[in-house]
Amino acid sequence: MLYTIFYGFSIGAILYFVSIGLSLTFGTMRVVNFAHTLTYSIGVYVLITFIPWLQGNFIPAAVIAILAVVPISYLIERFIIRRLYGESLDYTFIATFAITLIGVDTIKLIWGVNPLPFSTPMSTYLDFWGMTFPVYRILIFAIAIVLFLGLELFFRKTIVGKIVVAALDDKDGVRCLGVRVDKYFSLMFIIGSALAALGGVLYAPISAVQPYMGLSILLLAFAVVIVGGMGNLRGTFISAFALGMVMALTARYWSQGAETMVFIVMAIVLCFRPLDA
Amino acid sequence: MKQTDSQGIGPAPVLNLPVKKEKRAMEILIIGIGFLILVPLISIHRVTDFMIFCIFALSFDLLYGYMGRLSFGHLLYLGTGAYIYGLLIKYFQTNAFLAILCGVLAAGFLGILLGPIMVRATGACFSLMALAFNQIGFFLVLSPLKHITNGEDGFGAHAQSIGFLNFSSKTTMFLLALILLLLVFYVLKRLTASPYGILVRSIKEDENRVRFLGYNTYFYKWVTFVIASSIAGLAGTLTALNYKFVNPNVMDVHQNVGVVFACLIGGAGNLYGAIIGGVAYMMISNYLAIYIHRWEMFLGLSMLIIVFKFRKGIWGNIQDIGEYFRRPKEIRPAAQKGA
């Protein structure tokens, strides 16, 4: 049982990485970004490409993977998303889905359709009160906590963070103060995409690597964002861990039902929550 | 989008309200002849496929084009129809018509159940909830109901012939699909031209204003949702009848993009648009996939082009050209000279 809770925390951490960017893009730009987890899969594939080059060094390869996502996400933001500000949600939805289709196809073109093998970079275990925990999963959880605290500080203490928080609340108001909101949105988009890539890089060793991997986690990330409230950063944090726990607990008793249970929880939450978006 | 965008305020222009009976008959005749012309060009089996997809596109268009709710999980209802049809044929009886009726009713019933939850949401929430429900349905037939649905492999469902109707004959299937398509088209045409249809379109334009007028928009949205899901269920039963086979692919979440694409390329918010878009999409997916290997990329690129440059779709552009020539020469806008 303790193991289950522990796994729930690590899944929750991954969900948090992936959905924070989604929540930010939705909250600031009112764009439902279907292409968000495209960067997640690209990050993983870049990582896999670079690991043999670096003689199996995981951390530099991960850094390269996350940096590689930055220009790609900038291009997506600059040429597609920016042109969709203020449009009806349907069009942004369709356009970003189209980007996903193109991206997945590009991945297939470059790396092939078949799943790639990939194993945990750290197979050490930590003994703790007579139980063994894989260090890797502890590390994921620790990074999530650090990231959460870091983002909290970022949004409260730095001027950039404050501008973004203000823009989440009232975009036009911030613009009236003479702040170029678009620039900050662009920055947020890139940070969100890089975080998704981080999630992908950390999750890849414990999941399967295939071109459609982004789509399956995207649905989960959407569930997290909806349950947590769109654009609500702390809500995203809590709901990511809550849903991660739901997944882990379901998987313990009924392994195929894990992902579906998340959607059932989401449907129940939606039944009782006022809908604003 | 629709023509109302440029006007900004004011009610949606009520076009083609008093349609004469003869005109409607003409329209149906034209569509029927159109599909008959397609038969010698491409094989009859494929045209049947096209028409079934068009029924599905029509139901999607009612939801998206008319009511403005983009559902990314509409295949759930198609799949429900197909599965109920298949299971009835497989386990209980072999009368195809009864099974089709049950399939449609089941999809409609699912719409009644999920409708109250779904229609509260708008925009992104609606799409994502539809997606989530579709995923749950897909999972249900794939895994927990495996002992009756046979999981990933699916199962065969052979309907016995009724009188002279032999369902394994291609011609019979073609005629059945054609008649049902024309029936659906007729019903939707009547429905969308009725006061109810105008109300649904007004909900798309501005729901708050409709509520101010004293209408219970919640109820109308629910009814529309149920109608759309029933028609999708009909398309599902026909798919199963046509292939004599049901597998979870019929409600695969990732296939939903097809009908969205069809509706957009044809021109959303118009029944002709849905039919033209359905045919166009099926043409592309059937033939282009042979020549272009990277066919998903093509789909993505063309969707981007549609969103940025071609929002009215094929039918919207045809309408524009028609409008241009219908005007007296003096007031034709100069900018459209090339049209």
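For the 339 residues of chain B, a compact globule would have a radius of gyration near 20 Å, and chain B agrees because it has 20 Å. Before we go on, note that this is a predicted model, in which local features need pLDDT of at least 70, side-chain atom pairs count only at pLDDT 80 or more, and totals for chains, interfaces and linings use all residues. Residues are numbered from 1 along each chain as its sequence is written, while chains are lettered from A and ligands numbered from 1 in the order in which they are written.

Taken along the principal axes, the C-alpha atoms of chain B fill a box of roughly 65 × 50 × 45 Å. Chain B holds 14 helices and two strands; helices (H or I, at least four residues) and strands (E, at least two) are DSSP runs, numbered from the N terminus. Of its 339 residues, 45% are buried. Here, a residue is buried if 20 or more other C-beta atoms lie within 10 Å of its own, exposed if 12 or fewer, and partly exposed in between, with C-beta atoms placed from the backbone.

## A helix with a covered side

Now look at helix H8 of chain B, residues 195-205, whose buried residues are B:Val200, B:Arg201, B:Ser202 and B:Ile203. What covers them? The cover includes helix H2 (44-66), helix H9 (207-212) and helix H10 (217-243) of chain B.

## Chain A as a whole

Chain A has eleven helices and two strands, and along the sequence they follow the pattern α-α-α-α-β-β-α-α-α-α-α-α-α. Its radius of gyration is 19 Å, close to the 19 Å that the globule rule gives for 277 residues, so chain A is as compact as a globular protein of that length. The box filled by its C-alpha atoms is roughly 60 × 45 × 35 Å along the principal axes.

Buried residues account for 47% of the 277 residues in chain A. Two residues are in contact if their C-beta atoms, placed from the backbone, lie within 7 Å. Among the contacts in chain A with a separation of 6 or more, 72% are between residues 24 or more positions apart.

Two packed helices are described by the angle between their axes and the distance between the axes. H9(A) and H10(A) (residues 233-253) pack at an angle of about 125 degrees, with their axes 8 Å apart. Axes are lines fitted to C-alpha atoms, for helices over the stretch in contact, and angles run from 0 to 180 degrees between N-to-C directions. H9(A) and H10(A) are therefore oblique to each other: angles under 35 degrees count as roughly parallel, over 145 as roughly antiparallel, 65 to 115 as roughly perpendicular and the rest as oblique. Residues that meet here include A:Ala223 and A:Val227 in H9(A), and A:Ile238 and A:Leu243 in H10(A).

H10(A) and H11(A) pack at about 135 degrees, with their axes 8 Å apart. That angle makes H10(A) oblique to H11(A). Among the residues making this contact are A:Leu243 and A:Val246 of H10(A), and A:Met261 and A:Val265 of H11(A).

## Where the chains meet

How many residues of chain A are in contact with chain B? There are 31, and they touch 30 residues of chain B. Helix H4 (89-111), helix H9 (213-228) and helix H11 (258-272) of chain A each give two or more residues to this side, and H4(A) gives the most, with 14 residues.

By class, the side of chain A that touches chain B has 26 nonpolar, two polar and three charged residues. Ala, Val, Leu, Ile, Met, Phe, Trp, Tyr, Cys and Pro count as nonpolar, Asp, Glu, Lys and Arg as charged, and the others, Gly among them, as polar.

Methods
Rg over C-alpha atoms; globule rule 2.2 N^0.38 Å.
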